[in-house]
Amino acid sequence: MTVLDARALNRATLARQLLLDRADMPVLDAVAHLCGLQAQEPQEPFIGLWSRLRAFAPTVLSDLLTGRRVVRTHLMRRTVHLVTADDLVAWRARHDGMLRQRVLGTYRRELEGVDLGELAAAGRSVMADGEPRAMGDLARAVVDRWPAAGPRPLGEMLIAGLLPTVQLPPRGLWRTTGGARYELVSSWLGREIDPPDPDGCDPVGQTLVRRYLAAFGPAASADLRAWCGLAGLPAAVSALREELVAFRDERGRELLDLPDAPRPDPDTPAPVRFLPAFDNAVLGYHDRGRIIDDPHRGLSVAGARVVLVDGRVAATWSVEADTVLITPLDRFTRADRTSVAEEGRALASFLSGGDSDRVRIAASPG
């Protein structure tokens, strides 16, 4: 079985994630190809798409949100993701059990004795009028029935675990702030989520496997679980095995992939790319070593924005007074500094609407 080293996996990840070369792809298609973008920080998906698409116009994504073709919702790993409306409708039921269990993992003691079926019915009754509500408003509307649980656990279970909901604009629009207000998927999209498959063959699970590999492969089953949070996909993987190809990584793990998916030459040059907080190019794997070194792994879960140099996390970045500030994690060569500064100026211009292209790079460590 062919062994793929870390550099080969890195270049495959960059190609699948549209980070090896910016893509000429409609924004809606890019969101679908990426299986959504992690989006608990509302402005971050704009940066993620700017780094991946040629001539990306942020107003297009805003229009897709207000036009109800993409949505913000709790889905993979119980985190807020920006996904296409079609994917939400198709995938949500497959995630229901995981979403409930993850909320219970945080609030099991508070929700002890709460009948989740009754709680869901109460929440759905409140939301049936189609009026957008904050999580706290929904929780306060039902807390009298379960006062011991408290509003926060009830609200999180309703919004993230029991009721298929979306976060409404203006939250998530370009350069716009707004609190999180929710509406039922059925009210916002005018259609119900697809029901679970009754015969147990799990076509949605098979779709998730194929789509994940197209955007993240080659990958191990543990990587797939780390991305979606679902434990129950072995049957889907087994059902697809004959149509997949297999490799090994340097640790001996089996990696599965779509046969015709891109696996570039490991020596393919990789451009500098700026990634937003919580980007799935980093978080979408159990083994993140293909893109980030072990000493820096904590950055990926701490919400740091990172810079890729030669395809690997090499710096963090932030913005202050329309200036992109870059802090190297390792020593930059002169060529690295030049390339990082050039891409940083383009990012500063994007974020400021053309008003600034200022960049400041801190001294390299050591």
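**Figure 1. Asp249 in strand β8 of the predicted model.** Asp249 belongs to strand β8, which spans residues 245-249, in a structure that is a predicted model. With a relative accessibility of 5%, Asp249 counts as buried. When neighbours within four places in sequence are left aside, the contacts of Asp249 are Val3, Leu4, Leu9, Leu255 and Asp287.

Figure 2. Strand β1, residues 3-4, contains Val3. Beyond its neighbours within four places in sequence, Val3 is in contact with Arg248, Asp249 and Glu250. A C-alpha separation of 5.8 Å is found between Val3 and Phe247, which are 244 residues apart along the chain. The view therefore includes Asp249, a buried residue at 5% relative accessibility, and Asp249 in turn has Val3 and Leu4 among its contacts.

**Figure 3. The largest nonpolar core.** This core holds 39 residues, and the members that touch the most others are Leu49, Phe56, Phe274, Val307, Ile326 and Val340. At least two core residues come from each of the helices α2 (27-33), α3 (44-50), α4 (58-66) and α15 (334-351), and likewise from each of the strands β4 (80-84), β11 (305-309), β12 (312-320) and β13 (323-328). Helix α15 gives the most to this core, with 5 residues. Apart from it lies another core, of 38 residues, which includes Ala85, Val89, Ile193 and Leu213.

Figure 4. Leu49 is one of the residues that touch the most other members of the largest nonpolar core. Neighbours within four places in sequence aside, Leu49 is in contact with Val27, Ala30, Val31, Leu34, Leu37, Phe56 and Leu61. Ser62 is located in helix α4. At 10% relative accessibility Ser62 counts as buried. Not counting residues up to four places away in sequence, Ser62 touches Phe46, Leu173 and Trp174.

**Figure 5. The largest cavity and its lining.** There are 3 cavities of 30 Å³ or more. The largest cavity has a volume of about 90 Å³. Its lining comprises 13 residues, of which Gly36, Leu37, Gln38, Asp279 and Asn280 are the closest to the centre. Strand β2 (37-38) and helix α3 are the elements that give two or more residues to this lining. By class, the lining of the largest cavity consists of 6 nonpolar, 4 polar and 3 charged residues.

Figure 6. A disulfide is a covalent bond between the sulfur atoms of two cysteines. A search of the whole structure finds 0 disulfides. Cys35 is in no disulfide, and the nearest cysteine sulfur, which belongs to Cys228, is 9.9 Å away. Cys35 is buried, its relative accessible area being 0%. For Cys201, the closest cysteine sulfur is also in Cys228, at 18 Å, and this is too far for a bond. Cys201 counts as partly exposed, at 42% relative accessibility.

Figure 7. Most residues other than glycine have a negative phi, and most peptide bonds are trans. Cys35, which is not a glycine, has a positive phi of about 60°. The loop between α2 and β2 contains Cys35. Arg77 also is not a glycine and has a positive phi of about 60°. The position of Arg77 is in the loop between β3 (70-74) and β4. Its relative accessibility of 13% means that Arg77 counts as buried.

Figure 8. The peptide bond from Pro169 to Pro170 is cis, with omega near 15°. Pro170 lies in the loop between β6 (165-167) and β7 (181-184). Gly217 and Pro218 are likewise joined by a cis peptide bond, for which omega is about -5°. Pro218 is placed in the loop between α10 (203-216) and α11 (221-228).

Notes:
Residues numbered from 1 in each chain as written. Predicted model: local features only at pLDDT ≥ 70, side-chain atom pairs only at ≥ 80, totals over all residues. Heavy atoms only, no water. Core = buried A, V, L, I, M, F, W, Y, C linked by side-chain atoms within 4.5 Å. Buried < 20%, exposed > 50% of the residue type's maximum accessible area, 1.4 Å probe, protein only. Helix = DSSP H or I, 4+ residues; strand = E, 2+ residues; numbered from the N terminus. Contact = heavy atoms within 4.5 Å. 1 Å grid on protein atoms, 1.4 Å probe; cavity = no way out; pocket = protein on both sides within 12 Å on 5 of 7 lines; lining within 4 Å. Points joined across faces, edges and corners; volume = space filled by probe spheres on them. Nonpolar A, V, L, I, M, F, W, Y, C, P; charged D, E, K, R; others polar. Disulfide = S-S within 2.5 Å.
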